[in-house]
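Good morning, and thank you for coming.

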Amino acid sequence: GIATAITAYFPSMTGLLIITLISSFGFHYFETVNQSLQLQWLPKEKAPKIIGWLVGAGSLATLFAYLGIIVGWQKLGLSFNFLYLSSGGLTALIAVFCLFFFPNFKTETKQITKLVMRRRYWLYYALQFLSGARRQIFVVFAGFMMVEKFGFQVHELTTLYLINLVINIFVAPLFGYFIAHFGERRALLIEYSGLICVFLAYGGIYLFDWGVALAAILFVLDHLFFGLKMALKTYFQKISAPEDIAPTAAVAFTINHIAAVFLPVLLGLLWLISPAIVFMAAAFLAFLSFLLALLIPRFPTIGNETLIMSEPYS
């Protein structure tokens, strides 16, 4: 409804920009609150397993949405306008239903209502920044590689995303159990070492002209390794003061997106010179993350946030 009203009174490009801005506000607000509530409500010993199941459930819902769009688009000839209005209307109805039929959930600890940054969370902040930088490279340039170098069509690239979703439905809960059993340090080291190999192989596609099959496999593996990033959430849950969770979730989400401000433009210019260098840069960022993850204790707690520079909590 909002989208229709805006596009009716503004030129198409202006309306699209306004809608995109509103959508961005909503997405970032939801993700921040979602992460904050997960870490506030879930017990520390069960959090990795439950978050794994939540990620799997989210992938299943996304898969159903994709399939619904494909069927509606190809078989029923639905328009963009109908798809956006129907999906937006359904989301609004679900929100109203939850507002009236679900109770208000309260947390045991009152959250700080202003943004705070604590020196003892420095390792978490650094890993969040590097995660955001790597993510930007994957989102922007991995898909662009499939289109530019191998001529992937929309349905072919969508197929890769569907494969990722199906794998995530089953693998995300397993990742949660792995993190709960072996700890965040080991899970993050596996993620970062895997991403180093994937990004180096991306660069090898341009340097050695490797084929499309390998590129597709790497695209799926890339997404798979990123699934282990839930360990970063539970690492913070274990080292944070209970009242710091909500404000730090907002700060961390901001830090994670700092790279989105400048990295796509900067690396886009570098892409024109050599796409391989862009992926080598991503491999270097993953390597830095690996080095930082070595500083995570086997059993992180308040006062034992890192293997160096940990401070007692008071």
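Predicted model: local features only at pLDDT ≥ 70, side-chain atom pairs only at ≥ 80, totals over all residues.

Asp 209 sits in the loop between α7 and α8, the latter covering residues 212-226. The phi angle of Asp 209 is near 60°, a positive value in a residue other than glycine. As background, most residues other than glycine have a negative phi. Is Asp 209 buried or exposed? Its relative accessibility is 57%, and because exposed means over 50%, Asp 209 counts as exposed.

The helix that Asp 209 follows is α7. Helix α7 runs over residues 184-208 and has 25 residues. From its first C-alpha to its last, α7 reaches 35 Å, close to the 36 Å expected at 1.5 Å a residue.

Let me turn to α12, which has 19 residues. Its span from first C-alpha to last is 28 Å, close to an expected 27 Å. Among the buried residues of α12 are Pro 275, Ala 276, Val 278 and Phe 279. Further along α12, Ala 282, Ala 283, Leu 285 and Ala 286 are buried, as are Ser 289, Leu 292 and Ala 293. In general, an α-helix has 3.6 residues a turn, so residues three or four places apart point the same way. Against which helices do the buried residues of α12 pack? They pack against α5 (122-148), α7 and α11.

The pairing with α11 can be described in detail. The axes of α11, residues 259-273, and α12, residues 275-293, come within 6 Å and cross at roughly 135°. That angle makes α11 oblique to α12. On the α11 side, the contact is made by Leu 267, Leu 270, Trp 271 and Ile 273. On the α12 side, Pro 275, Ile 277, Val 278 and Phe 279 take part. By class, this contact has 8 nonpolar residues, no polar residues and no charged residues.

Next, helix α9, residues 230-239. Of its 10 residues, 8 are buried, so α9 is largely enclosed by the rest of the structure. The buried residues are Met 230, Ala 231, Leu 232, Thr 234, Tyr 235, Phe 236, Gln 237 and Ile 239.

Two single residues deserve a word. Asn 256 belongs to helix α10, residues 245-256. With a relative accessible area of 16%, Asn 256 is buried. Which residues does Asn 256 contact, leaving aside neighbours within four places in sequence? They are Gln 128, Ser 131 and Gly 132. Asn 256 and Gly 143 are 113 residues apart along the chain, and their C-alpha atoms are separated by 20 Å.

Leu 83 lies in helix α4, residues 80-101. Leu 83 is also buried, at a relative accessible area of 17%. Not counting residues up to four places away in sequence, Leu 83 touches Ile 69, Trp 73 and Leu 78. Between Leu 83 and Pro 300 there are 217 residues in sequence and 46 Å in space, C-alpha to C-alpha.

I close with the cysteines. How many disulfides does a search of the whole structure find? The search finds 0 disulfides. Cys 98, at 33% relative accessibility, counts as partly exposed. Cys 197, at 53%, counts as exposed. Thank you for your attention.

Technical notes. Residues numbered from 1 in each chain as written. Heavy atoms only, no water. Axes fitted to C-alpha atoms, helices over the stretch in contact; angles between N-to-C directions. Helix = DSSP H or I, 4+ residues; strand = E, 2+ residues; numbered from the N terminus. Parallel < 35°, antiparallel > 145°, perpendicular 65-115°, else oblique. Contact = heavy atoms within 4.5 Å. Nonpolar A, V, L, I, M, F, W, Y, C, P; charged D, E, K, R; others polar. Disulfide = S-S within 2.5 Å. Buried < 20%, exposed > 50% of the residue type's maximum accessible area, 1.4 Å probe, protein only. Expected span 1.5 Å × (residues − 1).
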